[in-house]
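Here's a quick briefing to read with the model open in your viewer. Have a look first, and then we'll go through it topic by topic.

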Amino acid sequence: MQPTTKESHHAAEAHEEHHHEELGFLRKYIFSTDHKVIGIQYGITGLAFLFFGFCLMLLMRWQIAYPGRSIPFFGPLLERMLGSDVAGGGVMSANLYNSFGAMHGTIMVFLAIVPLAFAAFGNYVVPLMIGAPDMAFPRVNMASYQSYVLGSIIMVVSFFIPGGAAQAGWTSYSPLATSIDTNGQTFWLIGMIFLITSSLLGAVNFIATIIQLRAPGMTWMRLPFFVWAQFVTAFLLLLAFPPLEAAGVMQLMDKVAHTSFFLPTGLSVSGQIAPISGGGSPLLWQHLFWFLGHPEVYVLILPAMGIVCEIIANNTRKPIWGYKSLVYSVLAIGFISFIVWAHHMYLTGMGTKISTFFQTTTMIISIPSVIILTCMFISLWGGSIRFNTPMLFVLAFLPMFGIGGLTGLPLGFNFSDIHLHDTYYVIAHFHYVVAPGTIFALFGGVYYWFPKITGRMMNEWWGKVHFWLSLVFINLVFQPMFAQGMAGMLRRMSDGGVNYSMAQNQGGVIGGLSDAMIHLNVTVSHAAWALGLAQLPFIINFFWSIKNGRKVTSDNPWESTTLEWQTPTPPPHGNFAHAPQVFRGPYEYSVPGKPRDFTLQNEA
Amino acid sequence: MSHDAHDIQKSVRRYLIVFGALLVGTILTVAVNAVNFHSIAITVAVALFIATIKAFLVAGYFMHLIDEKKMIYGILASTGFFFIGLMWLTIWAMHDFPTLAK
Amino acid sequence: MQTEILPYIVEPRKDTGLYNAKVGIWLFLASEVMLFGALFSSYILLRVGAAEGTWPHHLLNIPLGTINTLVLICSSVTVVMSWASLKLNQWSKYKFYQAITILCALIFLGIKSFEYTDKFTHYEVVLKNGTSMTGHVEGSPLFLNLNKLKAAKTESIGFHPDAHASGHAEGAKGEAGGHGEGMKIATADITKLECFGPWHSTYLAIYFTLTGLHALHVFAGACVIFAIWGPLAGLWKKDPERYTNRVEVSGLFWHFVDLVWIFLFPVLYLL
Ligand code: HEM
Ligand SMILES: [Cu+2]
């Protein structure tokens, strides 16, 4: 049953010839309906936005470290591109800071991580893993990517309109969002509607594919954990995004048709009663936003956990410990994540009963997360671990996500959140989860699946350089923020909290920020820029290896058990040379009595 | 396909009955609305009750939910769960706020 | 040609008993439930949260709403009948039923846009002395307001106040002769002139948002049904089962749109 490498190559060539003739460049690379091409499109675009969003923050870090000073080299550039009213003399104005901040969040979450973790990896890997020839709806898949591109273009264009991009944070709270005098918010909302549409189309496609197109023998409990993670993620997107879409439409009406969905009676803007009908509710926006917002954080983390699980199993050469617990945990997370959202709103004047409810559900949802992490840790036990680059990233993920998750608990208790809410502590918390957490897992995934996609390995040595530098600097960036936050430094301050600290220190008022805390801003910023430099090895390695990396000598260079490695390399249109038949679970490594230390899922 | 030709004919009859019921339901909604129940709660309840029945008819018969596959039920049940969560928790949250102790 | 490689496009998969598109459309409808569900929840919250006595009642034309409800129900039954006709291999019946569906969609949208226009030509005017009236401006202009009057240097407007003192005249009834005497109002006397657009009140805001979104769905659904009915009809000859599935799937969407309206009608028109 198991195709040898040679055979599959032959079959691939035969297959290629069938399809080759009719596809022109456009159909093949731009308007492709092939899940692999779409996955790569998402991947490249997502990585580009990851870099872009990161650059925005690198610029903002200058303003935080050295408020009011001209940004060297890039400052004049900004002034030339965006005008002297927003970046006069190369100094980042407060408005520009707000724009960059809001767009950093939006770009990172909606244009980078979700497209990478869900759409890119999901598109490329899920159909291969379940033994399917493509996604269930190839044309819908293409539409999903195009909608994403359209949404991103709108977001990017909004930087250049008069008044600049949206400034009310990625959370876009009303009435602030609609009161700020720029059309950036309108662009943001329209862009979001396209992005949401893209995610919805993707989610429908993923779920239908996983339900319908599993290869014969690929039962639910034989699915690799990555597929389970994507399955739950797709459900989160499918059901949590529409309420935000509804909210987005309403805020758009507020902005464009001057309705008052989220604007209360008697609202005054710049000291004047706003000419609106009133009667709306600002809190309604927050509820609808966080109804998406919290499931969204699991959209960011679950695919990462899936990647981690695959790479750990592969490099410990051991079955994953507690596969069933993983599956049930991820399902539990999926369900509970819909009923914890108001832990982001403890300070909006919720009553004690409802606060207690959300506090309780928040504590409950941390249990399955801990189970997942524990399973991964135990899976390491007694393995003869291969410390290659993907594995290093994944090993780092475990403690980093641990830190992120544990620091979430004090935020989940309403009494401690009163102190921590809206401080740098929150920033540190979720960045530990998404940066050295999700992004590290994504890097691991890139190094891991690169040979399947390109037929070449990425350079190991430079991979390790990338890893160690990133690990050190990312901790230097985010660890100090916990301290700053606990000391009371608020987030979203265009001067890094300097004004706040001076005002508070007058008369020795308790709560003022010490100079040491303010000075940490400089440390963090330097670490951030160093982190930026640390990505150069990756970027160069990535592009260099596409052409010049070491060629793989087998379709299964990591000696993995799962189906995606049973295709020719790179997989042709239609993926499998022979339709696979599955006989066993996904992680049969080092099974006693077998000739090799890995038993393929499609090995009879 | 002949095996269900007969079934289809039977369903067609059912569709027409449902159609009639929906027409009646609509007229009823409007008629009942003209009645003064002296209570907003009852008025709302009656209107929504009729609407729900109509919705069940459409979903059950026109959309064939009466005998659909388990998978579809599963999807819809979880959707219902989350929808109720959204509505109920939001309404609860907006009506539970701290008050000064007396 | 890309899709040929996929299984279960026509025949159902054994363990689920479903073909791909059916899973797809139900998933899509699930997300639609959440979309309209969120808007309904917002409606409830805004309404419950509205200050006492500010939520308008019977601002809309009930007969028109009823007719539209009936129209949509008709279209729903013709959609399901057309599908059944295909199952029975009766092509011309299918064509006939689906033509009625599309016609119903057009009637629905026509009535809806009439209702919209009616709101956009219905005004509230507040005078310097504090009196507030609702009614129609002579010449039935759309979206008039004080700023536009001033910009156009209009000295005065002709105004026909609504007959009912309640100020909630229903457009069509008003048209039928319920108007009071026409009067002339000087622009200088007006402090506010606003038509019954979404900005006028929270109720109208949610009304326009919900029905607007719904109308978009009607439009999209009608387009899809039309496309399958007309331009894409060739598939029936080549692959009748696949064609029938398409009709079924588009029909499911259509029924959902009908279902949403079943709730919108009492909630917005009656309660
Ligand atoms: C494991 C248990 C977790 C708990 C108990 C938890 C708890 C919380 C709480 C209560 C907040 C709100 C803090 C505040 O604004 O005052 C918060 C913020 C946040 N969390 Fe978590 N969290 C957890 C995991 C995660 C995960 C897995 C992610 C995503 C990858 C994440 C991402 C975020 C984000 C993005 C924010 C900030 C939202 C904003 O902009 O205000 N968290 N977390
Ligand atoms: Cu949360």
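How many residue pairs are in polar contact between chain C and chain A, with both at pLDDT 80 or more? The count is 7. Keep in mind that this is a predicted model, so every value below is computed from predicted coordinates.

**Where chain C meets chain A**

- On the chain C side, 35 residues are in contact with 43 residues of chain A.
- Together, chain C and chain A bury about 3200 Å², and 71% of that area sits on carbon and sulfur atoms.
- As for charge pairing, there is 1 salt bridge across the interface of chain C and chain A.
- That salt bridge links D15(C) with R214(A), and their closest N and O atoms are 3.7 Å apart.
- In chain C, α1 and α6 (202-229) each bring at least two residues to the side that touches chain A.
- The largest share of that side comes from α1(C), with 15 residues.
- By residue type, the side of chain C that touches chain A splits into 22 nonpolar, 11 polar and 2 charged residues.

**Where chain C meets chain B**

- Here 44 residues of chain C are in contact with 44 residues of chain B.
- Chain C and chain B bury about 4000 Å² between them, with 86% of it on carbon and sulfur atoms.
- If you want three residues to look at, take W26(C), L45(C) and L271(C): they supply 16% of the area chain C buries against chain B, more than any other three residues.
- Between chain C and chain B the count is 1 salt bridge.
- The partners are K22(C) and E68(B), whose closest N and O atoms are 3.3 Å apart.
- Polar contacts between chain C and chain B come to 1 residue pair, with both residues at pLDDT 80 or more.
- Three helices of chain C give two or more residues to the side touching chain B, namely α1 (20-49), α2 (62-87) and α8 (240-270).
- That side of chain C divides into 31 nonpolar, 9 polar and 4 charged residues.

**Salt bridges overall**

- Over all chains, the structure holds 12 salt bridges.
- One of them crosses between chains, running from D15(C), in the segment before α1 of chain C, to R214(A), in the loop between α9 (184-212) and α10 (225-256) of chain A.

**The metals in chain A**

- The iron atom of ligand 1 has a single donor from the protein, NE2 of H429(A), 2.2 Å away.
- H429(A) sits in helix α17 (residues 424-454) of chain A.
- The copper ion (ligand 2) and the iron atom of ligand 1 are 4.7 Å apart.

**Domains in chains B and C**

- Chain B is split into domain 1 (1-64) and domain 2 (68-96).
- The C-alpha centres of those two chain B domains are 23 Å apart.
- In chain C, domain 1 is pieced together from 20-46 + 59-119 + 200-270, and domain 2 covers 121-195.
- For chain C, the C-alpha centres of domain 1 and domain 2 lie 36 Å apart.

**Backbone spots to check**

- The peptide bond from S174(A) to P175(A) is cis, with omega near 0°.
- P175(A) is in the loop between α7 (138-157) and α8 (176-179) of chain A.
- T569(A) and P570(A) are also joined by a cis peptide bond, with omega about -15°.
- P570(A) falls in the segment after α21 (536-548) of chain A.
- H58(C) has a positive phi of about 55° although it is not a glycine.
- You'll find H58(C) in the loop between α1 and α2 of chain C.

Methods:
Residues are numbered from 1 along each chain as its sequence is written. Chains are lettered from A and ligands numbered from 1 in the order in which they are written. This is a predicted model: local features need pLDDT of at least 70, side-chain atom pairs count only at pLDDT 80 or more; totals for chains, interfaces and linings use all residues. Side-chain values use heavy atoms; hydrogens and water are left out. Domain bounds come from an automatic or database domain assignment. Contact means heavy atoms within 4.5 Å. Buried area is the accessible area (1.4 Å probe) that two parts lose on being put together, summed over both. A salt bridge is a side-chain nitrogen of Lys or Arg within 4 Å of a carboxyl oxygen of Asp or Glu. A polar contact is a pair of N or O atoms within 3.5 Å; within protein, one must be able to donate a hydrogen and the other to accept it, and residues adjacent in sequence count only if both atoms are side-chain atoms. Helices (H or I, at least four residues) and strands (E, at least two) are DSSP runs, numbered from the N terminus. Ala, Val, Leu, Ile, Met, Phe, Trp, Tyr, Cys and Pro count as nonpolar, Asp, Glu, Lys and Arg as charged, and the others, Gly among them, as polar. Donors are N, O and S atoms within 2.8 Å of the metal (3.2 Å for Na, K and Ca); water is not among the atoms, so sites may look incomplete.
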